[in-house]
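I opened my notebook to keep track of what I look up in this one. Here is the structure I have on screen.

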Amino acid sequence: MEISPRTVATVVTVMSFAIFLGVVSADPDLLQDVCVADLASEVKVNGFPCKETFDGTDFFFDELANPGLTNNTYGSLVTAANVEKIPGLNTLGVSLSRIDYAPDGLNPPHTHPRATEIVFVLYGELHVGFITSKNVLIAKTINAGEIFVFPRGLVHFQKNQQQAPAAVIAAFNSQFPGTQGIATALFVAEPTVPDDVLAKAFQIDAPLVEMIKAKLAPKS
């Protein structure tokens with residue numbers, strides 16, 4: 001079938017517009033070698049303002065070397081190496097985390113609103129997965145030396161399948177990816193989400209909503 005010049009022009013226009021949207025929505029390129037974050041500044045910007053002086057400590061972090069304590073409700077601990085811990089990451093668009101799991105530990109369902117995540121298994125065996133916007137679960141069991149990717153913004157989780165510790169290194173394409181736990185976001189928000197909203201959304205009664213809120217509330 002022959003394609004008319006008008007159709008070609010329309011396709012080119014649409015593609016050009018899509019490319020333009022991709023460019024304008026991406027993080028801006030650096031305009032200097034570094035922009036070390038001034039975490040104490042009261043100036044509000046999309047990121048952090050640059051501080052005038054810096055040294056090697058602004059680009060250094062050593063807390064991913066050792067396992068984190070996993071003696072908590074979920075049996076997991078995330079140790080973040082983001083711009084709040086490494087000011088030199090400001091404007092660079094990358095960060096890391098270490099996630100440790102106790103036997104049978106869970107990193108519960110959550111999202112990263114500003115980043116795609118890729119995990120590399122240091123040791124152990126994990127069942128991992130994410131849920132698409134069409135509510136399809138994409139899951140797999142991964143072992144030491146293997147990698148799995150969680151697309152930006154999608155709900156995902158990691159579960160230690162074994163009765164032995166496990167750990168991963170997670171990389172993000174954001175200096176500060178953000179984390180929103182699904183259960184805590186809904187049941188521990190301040191001000192609280194109304195009980196009748198949660199009851200109807202989850203098809204449960206108000207007393208059960210209150211019980212869940214009490215169980216998830218931060219321990220004093």
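Below are my entries, one topic at a time.

**Entry 1: what kind of model**

I am working with a predicted model. I keep that in mind for everything below.

**Entry 2: aromatic rings**

I started with the rings. A pair of aromatic rings is described by the distance of the centres and the angle of the planes. How many aromatic pairs does the count come to? It comes to four. I picked F130 and F148 to look at: their ring centres are 6.2 Å apart and their planes sit at 50°, so I write this pair down as tilted.

F130 is in strand 5 (residues 125-131) and F148 is in strand 7 (residues 147-150), so the pair links distant parts of the chain, 18 residues apart. Are F130 and F148 buried or exposed? Both are buried.

**Entry 3: salt bridges**

Charges came next. Side chains of opposite charge can pair when their charged atoms come close. I found four salt bridges in the structure, and I followed up some of them.

K51 and D58 meet through their side chains, with 2.9 Å from N to O. I looked up how open each partner is. K51 is partly exposed at a relative accessible area of 28%, whereas D58 is buried at 7%.

R98 and D100 form another salt bridge, with their closest N and O atoms 3.0 Å apart. Both R98 and D100 are buried.

D195 pairs with K213, and here the closest N and O atoms are 2.7 Å apart. K213 counts as buried, with 10% relative accessibility.

**Entry 4: helix 3 against helix 4**

That last pair made me look at the two helices themselves. How do helix 3 and helix 4 pack, and at what angle? The angle is about 105° and the axes are 9 Å apart. That makes the two helices roughly perpendicular. On the helix 3 side, D195, L198 and A199 make the contact, and on the helix 4 side A206, V209, E210 and K213 do. I sorted the residues of this contact into four nonpolar, three charged and no polar.

**Entry 5: around S97**

I clicked on S97, which is in strand 2 (residues 95-101). S97 counts as buried, at 6% relative accessibility. I listed what S97 touches, leaving out residues up to four places away in sequence: L64, V78, T79, A80, A81, V168, I169, A170 and F172.

I finished with the backbone. The peptide bond from E190 to P191 is cis, with omega near -10°. P191 is in the loop between helix 2 (182-187) and helix 3.

Which residue in the loop between strand 5 and strand 6 (137-143) did I check? I checked N135. N135 has a positive phi, near 65°, and is not a glycine. N135 is exposed, with a relative accessible area of 67%.

Q203 also has a positive phi without being a glycine, at about 55°. Q203 is in the loop between helix 3 and helix 4, and at 66% relative accessibility Q203 counts as exposed.

Methods
Residues numbered from 1 in each chain as written. Predicted model: local features only at pLDDT ≥ 70, side-chain atom pairs only at ≥ 80, totals over all residues. Heavy atoms only, no water. Phe/Tyr/Trp six-rings, centres within 6.5 Å; stacked < 30°, edge-to-face > 60°. Helix = DSSP H or I, 4+ residues; strand = E, 2+ residues; numbered from the N terminus. Buried < 20%, exposed > 50% of the residue type's maximum accessible area, 1.4 Å probe, protein only. Axes fitted to C-alpha atoms, helices over the stretch in contact; angles between N-to-C directions. Parallel < 35°, antiparallel > 145°, perpendicular 65-115°, else oblique. Contact = heavy atoms within 4.5 Å. Nonpolar A, V, L, I, M, F, W, Y, C, P; charged D, E, K, R; others polar.
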